Amino acid sequence: MAQQFAPGDDLIFQLESGLGLLRVIAVEGEGSETVWHLLAYDEFFPDVESAERALAEPGTLKIRNAHMALI
């Protein structure tokens, strides 16, 4: 089953250097035609708890890319 995300949802993803944060701005289309509009934050975190604490104070986060459209 595919994950259902809505505008305003925050996503934590893992890279080799740590955990990053994305925010869902919008979702258009369905299935293979889905376009995800995301905002990427600049910071990386050592663990999920640190990332969640940062999300609780979003004014402290720097934006790396205000809009990315992924197909």
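## Fold and nonpolar cores of the protein chain

Of the 71 residues in the protein chain, 28% are buried. The model described here is predicted.

The overall values for the protein chain are listed below.

| Property | Value |
|---|---|
| Span of the C-alpha trace along its principal axes | about 35 × 25 × 20 Å |
| Accessible surface | about 5,100 Å² |
| Share of the accessible surface belonging to carbon and sulfur atoms | 53% |
| Distance between the mean positions of the 4 positive and 12 negative charges | 10 Å |

Among contacts between residues at least 6 apart in sequence, 40% join residues at least 24 apart.

In soluble globular proteins, nonpolar side chains tend to be buried together. The largest nonpolar core of this model consists of eight residues, namely Leu 21, Leu 39, Tyr 41, Phe 45, Ala 51, Ala 54, Leu 55 and Leu 61. Strand 3 (35-41) and helix 1 (48-56) each contribute at least two residues to this core. Helix 1 provides the largest share of this core, with three residues.

Leu 21, a member of this core, touches Leu 39, Tyr 41, Phe 45, Ala 51, Leu 55 and Leu 61, among others, when residues up to four places away in sequence are not counted. On that basis, the contacts of Leu 21 also include Leu 11, Ile 12, Phe 13 and Ala 40.

A second, separate core has five residues, among them Leu 22, Val 24, Leu 38 and Ala 40.

Methods
Residues are numbered from 1 along each chain as its sequence is written. This is a predicted model: local features need pLDDT of at least 70, side-chain atom pairs count only at pLDDT 80 or more; totals for chains, interfaces and linings use all residues. Side-chain values use heavy atoms; hydrogens and water are left out. Buried means under 20% relative accessible area, exposed over 50%, partly exposed in between (1.4 Å probe, protein chains only). Contact means heavy atoms within 4.5 Å. Accessible areas come from the Shrake-Rupley method with a 1.4 Å probe; for residues, only the protein chains shown count as cover. Lys and Arg count as positive and Asp and Glu as negative; His and the chain ends are not counted. The place of a charge is taken as NZ of Lys, CZ of Arg, CG of Asp or CD of Glu. A nonpolar core is a set of buried Ala, Val, Leu, Ile, Met, Phe, Trp, Tyr and Cys residues joined through side-chain atoms within 4.5 Å. Helices (H or I, at least four residues) and strands (E, at least two) are DSSP runs, numbered from the N terminus.
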